[in-house]
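Subject: Structure handover

Hello,

Here is the structure I promised to pass on. Please open it alongside this message, and my notes follow below.

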Amino acid sequence: MPLLVAKFGGSSVATIDKIKNIASRIRGMRQEGHQVVAVVSAMGDTTDDLLELAAQAGENLPAREMDMLLATGEQQSAALLALALQNMDCPAISLTGWQAGVRSDATHSKARITGIDNQRVLKELEQNKVVVVAGFQGISPAGDVTTLGRGGSDTSAVALAYSLKAERCMIFTDVDGVYTADPRIVKDACKLGQIAYEEMLEMASLGAVVMQPRAVEFAMLYGVDIEVLSSFGFAPGTIITEVGNMEQQRIVTGVAHDRNCAKIAIFDVPDRPGVASSLFKGLAEERINVDMVIQGATRHEHNDIAFTIESSDVPRALPVVKRLVEEMGASGMACGERVAKVSIVGAGMQSNPGVAAAMFEALAEEGINIEMISTSEIKVSCIINEEQIEKAVNVLHRKFSLDSVE
């Protein structure tokens, strides 16, 4: 029997009624002749509720104990789904991440999967059961519970699909596929039938929340096809696959945006070896990810450095930057949090010059000022004023005729 790995997000299992609907859908997959491994997230806002409870326990919140707490959300979903399936006369068993053999490193709250011992899952499948796995979690070499970070259930599902040689990894969510832009912002956004791994990875990293970037990266590395589709309908979704499997190649595939951005600038940095290294090493030690970096032209043996980080990292970043400004002998710094990032993504950009120029022209015609620019072979990103982000997304969607993409 062909095997499907189906992941259901928090909105898909937010209530008991929704869990029963998911159970009915899984039973349908079984009736169609498939074995099923279901991977589940926590119900609705359960993770946020657990974080609020933890905050009431005190200010000192060790990461190990937080992982123990947060992992219970997915276990609750898994057990409830298994109970619903059994009450539909569909044999099922729920497993925690570690019972399912998901091994990780010891980085609490942001652990990475290092391997999967799939023997327990295979044993349960041989007994004709649906295996329901709690996503988002694994076990460290020391035997401690770990969590994989926000959206980690996507990564759990892709890793299990690869380990079990599944026919496909299906990511069920509250949207029916991957769109050319956020349909809540662009009314003419189109659902894509297919998208390349590289494009989806860029889209996910640049703010498209339909997929978790680490999951796409894992799928690309190991060649796992993913289908993103709705939990609440039966229309075909979007296939994420190797670019060579695509029937056609578009110049621009989509427009992504991200409001979770902040820009930090350091002024009059001495132009000497090791200064940039000290700055970004200090941020890395605080586990702060730096996105875009611009260094200005040298003047009088000094220059300016500007970079972007996630807004949520600003409280931890500012003390580090202020300390380094003093150590480097820079004249000062500034932090701007009212910025956002808009990006165009497309594998076809590699062989079509002038795409970046067209993007800049479209933004200029609408009076949208660009503060920073970052490029790669298949994307161009611009930092702009946050108040203009929705306007910018719509402008670029029209510029590249994405309302007619198939």
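Start with helix α1 (residues 16–31) and helix α3 (residues 63–86), in what is a predicted model. The two helices pack at an angle of about 60°. Their axes are 9 Å apart. That angle makes α1 oblique to α3. The crossing of α1 past α3 is right-handed.

Which residues meet there? From α1 come I16, I19, I22, A23, I26 and R27. From α3 come L80, L81, A84 and L85. By class, this contact of α1 with α3 has 9 nonpolar residues, no polar ones and 1 charged.

Helix α3 also packs against helix α2 (residues 46–57). Here the angle is about 150°, with the axes 9 Å apart. Angles over 145 degrees count as roughly antiparallel, so α2 is roughly antiparallel to α3. This crossing is right-handed too. On the α2 side, the contact uses T46, T47, L50, L51 and A54. On the α3 side, it uses M66, L69, L70, T72, G73, E74 and Q76. The classes in the contact of α2 with α3 are 6 nonpolar, 5 polar and 1 charged.

Stay on α3 for one more residue. A78 sits in this helix. Is A78 buried or exposed? A78 is buried, with a relative accessible area of 1%. Leaving out residues up to four places away in sequence, A78 touches V40, S94, V132, V133 and A134. For a sense of distance, take A78 and K341. They are 263 residues apart in sequence. From C-alpha to C-alpha, A78 and K341 are 36 Å apart in space.

Helix α6 (residues 197–205) and helix α7 (residues 213–222) have axes that come within 9 Å. These axes cross at roughly 165°. That makes α6 roughly antiparallel to α7. The crossing of α6 and α7 is left-handed. In α6, the contact residues are Y197, E198, M200, L201, A204 and S205. In α7, they are P213, V216, E217, A219 and M220. This contact of α6 with α7 divides into 8 nonpolar, 1 polar and 2 charged residues.

Now the cores. In soluble globular proteins, nonpolar side chains tend to be buried together. How many residues does the largest nonpolar core have here? The largest nonpolar core has 46 residues. Those with the most contacts inside this core are V37, C169, M200, M211 and I226. M200 is also one of the α6 residues that contact α7.

V37 deserves a look of its own. Not counting residues up to four places away in sequence, V37 touches L3, L4, V5, A6, V121, L125, V131, V133 and L164. V133 is also one of the residues that A78 touches.

Another core lies apart from the largest one.

V325 is buried, at 8% relative accessible area. With residues up to four places away in sequence set aside, V325 touches I266, A330, G332 and M333.

Finally, two backbone points to check.

N128 has a phi near 65°, a positive value in a residue other than glycine. Where does N128 lie? N128 lies in the loop between α4 (119–126) and β6 (130–134). At 40% relative accessibility, N128 counts as partly exposed.

D268 is not a glycine, yet D268 has a positive phi of about 55°. D268 is placed in strand β13 (residues 254–270). D268 counts as partly exposed, at 27% relative accessibility.

Best wishes

How values were computed. Residues numbered from 1 in each chain as written. Predicted model: local features only at pLDDT ≥ 70, side-chain atom pairs only at ≥ 80, totals over all residues. Heavy atoms only, no water. Axes fitted to C-alpha atoms, helices over the stretch in contact; angles between N-to-C directions. Helix = DSSP H or I, 4+ residues; strand = E, 2+ residues; numbered from the N terminus. Parallel < 35°, antiparallel > 145°, perpendicular 65-115°, else oblique. Left-handed = near helix turned anticlockwise from the far one by under 90°. Contact = heavy atoms within 4.5 Å. Nonpolar A, V, L, I, M, F, W, Y, C, P; charged D, E, K, R; others polar. Core = buried A, V, L, I, M, F, W, Y, C linked by side-chain atoms within 4.5 Å. Buried < 20%, exposed > 50% of the residue type's maximum accessible area, 1.4 Å probe, protein only.
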